[in-house]
Amino acid sequence: GKAQGQNNLLSNGGFEEGSGSPYASVSSPQKVGAWDVLLGRVDVGRFSSRYDIVKEGQSLLHLCSNGKGSISQEVDTMVGTEYQLSFSYAASPEGARNQRVDVEITSGGSTTTSVARASSRYRCTTSSRSHDCWYWRYLAWKTHRFRFRAQASTATIQLSSFENQNGCMVLDGVWLTLPPFHNLPESYNFFEDSFASNCWKE
């Protein structure tokens, strides 16, 4: 998808570069724009001409084209600065019921990890009845946010599928930014005692 808002420190966070119609398959060690495909093969594109399933823009990335897939990108960072990684994700209706993306950020020999999980069984309403369904047109997007502090002048962002099969998470709108209220001193407190007692007491 097409990224919006403040400057994204990642390149091709919306996977517009390298996409195909309905999608393009890209195998390791090839690239999707600035992203390195580290493992397996990924699919990049709109996927459906009938339904608007992308989160934003015209393209998304499917981490499993024929098995476990992984992408990574190195970015410039400032030592000691806090950053926020965020991305939209959804479980492929063609994959397992429960799916996950493993996030790994490496900076200066230090590695920080996080996990995003989703179910491929969505709640749908057809014929005035609510039920489980697993169709692309009902793709349910979620957002994962994760903060880390840079330990070096560069950091490597890696996103990997946990499932080793044809059908797993799809991604869109991957952003790396300075988070809201970043790098405030530890002594800073929105609700310090003096503020709370003066403004919130009855």
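K31 is partly exposed, with a relative accessible area of 46%, where partly exposed covers the range between buried, under 20% relative accessible area, and exposed, over 50%, as found with a 1.4 Å probe on protein chains only. This residue meets D36 through their side chains in a salt bridge, with N and O 2.6 Å apart, the term standing for a side-chain nitrogen of Lys or Arg within 4 Å of a carboxyl oxygen of Asp or Glu. D36 counts as partly exposed as well, at 27% relative accessibility.

The model is predicted, and for that reason local features need pLDDT of at least 70 and side-chain atom pairs count only at pLDDT 80 or more, while totals for chains, interfaces and linings use all residues. Residues are numbered from 1 along each chain as its sequence is written, and side-chain values use heavy atoms, with hydrogens and water left out.

A search of the whole structure finds three salt bridges, which are set out below.

| Salt bridge | N to O | Relative accessibility |
|---|---|---|
| D36 and K31 | 2.6 Å | D36 27%, K31 46% |
| R147 and E82 | 3.7 Å | R147 37%, E82 16% |
| D102 and R100 | 2.7 Å | D102 19%, R100 22% |

In the salt bridge of R147 with E82, the closest N and O atoms are 3.7 Å apart. This pair links distant parts of the chain, since R147 belongs to strand β12 (residues 142-149) and E82 to strand β7 (residues 82-90), 65 residues apart. R147 counts as partly exposed, whereas E82 counts as buried. In the remaining pair, D102 is buried at 19% relative accessibility, and R100 is partly exposed at 22%.

Strand β7 also holds S88, a residue that is buried, with a relative accessible area of 7%. The C-alpha atoms of S88 and T143 are separated by 4.5 Å, although the two residues are 55 residues apart along the chain. Leaving aside neighbours within four places in sequence, S88 is in contact with K55, W141, K142, T143, V170, L171, D172 and G173, contact meaning heavy atoms within 4.5 Å.

The whole structure contains one disulfide, a term for a pair of cysteine sulfur atoms within 2.5 Å. The disulfide joins C64 to C168, with an S to S distance of 2.1 Å. Here too distant parts of the chain are linked, as C64 lies in the loop between β5 (60-62) and β6 (70-76) and C168 in the loop between β13 (154-161) and β14 (170-177), 104 residues apart. The torsion about the S-S bond of C64 and C168 is about 105°, so the disulfide is right-handed. Both C64 and C168 are buried.

Taken as a whole, the protein has one helix and 14 strands, these being DSSP runs numbered from the N terminus, with helices (H or I) of at least four residues and strands (E) of at least two. Buried residues make up 43% of the 202 residues in the protein. Among contacts between residues at least 6 apart in sequence, 72% join residues at least 24 apart.
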